[in-house]
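Welcome to this short tour. Open your viewer, get ready to select residues by number, and follow along one stop at a time.

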Amino acid sequence: MTTYVPAAVLAFVSSVVGAVALAPAPAAKPSPALRVFLLAGQSNMEGHGGVDLDDARDYNGGKGTLATFLADAKNAKQWPGLRAEDGSWGVRDDVFVSYLPEHGKQKAGPLSVGYADYDDKHHFGPELGIGRALGNHFAEPVLLIKTAWGGKSLAMDFRPPSAAGDTGPYYTQMIAEYRAAVVAIPKQFPALSGHTPRLEGVLWFQGWNDGCDDKAAAEYEQNLVLLAKDLRTEFADAKLPFVVGETGNMDNEVLRGAQKRGCEDKQIAAGARFVPTREFLRNPEDSPNTGHGHHWFGNGESYLRIGDALGRAMIELVDARRKNAAR
């Protein structure tokens, strides 16, 4: 039996079907952003800040450790979230760290103490203060990719490609480890696998070895400028924020002046920032490692405040860049 369908009804159905077919598909919802920061340098970026070791022979009875610093109620109030009342160390759920120590296995996880070149939870580096500052400021999750090796110079080991001579092997390794860490995000951080990683800036904390060599110290300013330029070229971002921490634990005015002037050079000044750190140096007798001036005497407060200052400088650069782009 054939059912009669009026022509008007057929025309209506046809128009609806046609409209549906021609209608554009709904736009895909953009994936959430992941703010990525590259941390690079030598041993003081690796981190030698004491967390809680207190034996008298190697750690001066615990003087100057992070635990001792936070035992003061005033300090604990100023730095909330670093340690719980039960003594456990705080763990962020919005800031993550990827770090391949030169003497150990890959470390990857939420920010806390322990991301130093030791196979323990008793040391930390600037990443703790950096990550805390960034995580408290940005709504999006943050990933810190740390690349650092002890005893390395900018003049040779990190020598940028555009400088005369051979590119430093640790410049090449820095880039390789950063890119490998980005590729590994879905495996190392499953919760972040749906996010789009975006490099927001570079934080550079290095200089001791160059300060021990007059020629390297004299060349530091130029090499620092070239380093920033080459990193911006490498990551195809002409104004990639670039923060430099002063080697404030060293009595070398040539080196420290070069670090400051390099950041002010007109070739990189847009988006570059020099961070003074000398004020964070504490007395050796008030610190865990009294003979380790090259490592800030292992003072936990020093490393915490250095990281915080570096993180705050980066926040200013990132926010200024966003405001300028919106104009």
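How many aromatic pairs does the count come to? Keep in mind as you look that this is a predicted model. The count comes to eight aromatic pairs.

**Stop 1: a pair of rings**

Select W149 and F158 and show their side chains. The ring centres are 5.9 Å apart and the planes meet at 45°. Planes under 30 degrees apart would count as stacked and over 60 as edge-to-face, so this pair is tilted. Are these two residues buried or exposed? W149 is buried, with a relative accessible area of 3%, and F158 is buried as well, at 0%.

**Stop 2**

Keep W149 on screen and select Y170. These two residues also form a tilted aromatic pair, with 5.1 Å from centre to centre and 55° between the planes. W149 sits in the loop between β6 and α7, while Y170 belongs to helix α7, so the pair ties together parts that are 21 residues apart in sequence.

**Stop 3: an arginine in the loop**

Next, select R159. You will find R159 in the loop between β6 (142–148) and α7 (169–183). What is the nearest side chain of opposite charge to R159? That side chain is E219, 4.2 Å away. A salt bridge needs the charged atoms within 4 Å, so R159, although buried, has no salt bridge. Look for A164 too: its backbone oxygen lies 2.6 Å from a polar atom of the R159 side chain. Leaving out residues up to four places away in sequence, R159 touches several others, including L154, D166, Y171 and N223.

**Stop 4: charges over rings**

Select Y99 and K146 together. K146 lies over the face of Y99, at 4.5 Å from the ring centre. Then move to Y115, where K121 lies over the ring face, at 5.9 Å from the centre.

**Stop 5: a buried leucine**

For the last stop, select L111. Where is L111 placed? This leucine is in the loop between β4 (107–110) and β5 (123–124). L111 is buried, with a relative accessible area of 1%. Show its surroundings: leaving aside neighbours within four places in sequence, L111 is in contact with residues among them G90, V91, F96, E127 and L128. Finally, draw a distance line from L111 to G135: their C-alpha atoms are separated by 9.7 Å, and the two residues are 24 residues apart along the chain.

Technical notes:
Residues numbered from 1 in each chain as written. Predicted model: local features only at pLDDT ≥ 70, side-chain atom pairs only at ≥ 80, totals over all residues. Heavy atoms only, no water. Helix = DSSP H or I, 4+ residues; strand = E, 2+ residues; numbered from the N terminus. Buried < 20%, exposed > 50% of the residue type's maximum accessible area, 1.4 Å probe, protein only. Lys, Arg positive; Asp, Glu negative; His and termini not counted. Polar contact = N/O pair within 3.5 Å; in protein donor to acceptor, adjacent residues only side chain to side chain. Contact = heavy atoms within 4.5 Å. Phe/Tyr/Trp six-rings, centres within 6.5 Å; stacked < 30°, edge-to-face > 60°. Lys NZ or Arg CZ within 6 Å of the ring centre and 35° of its normal.
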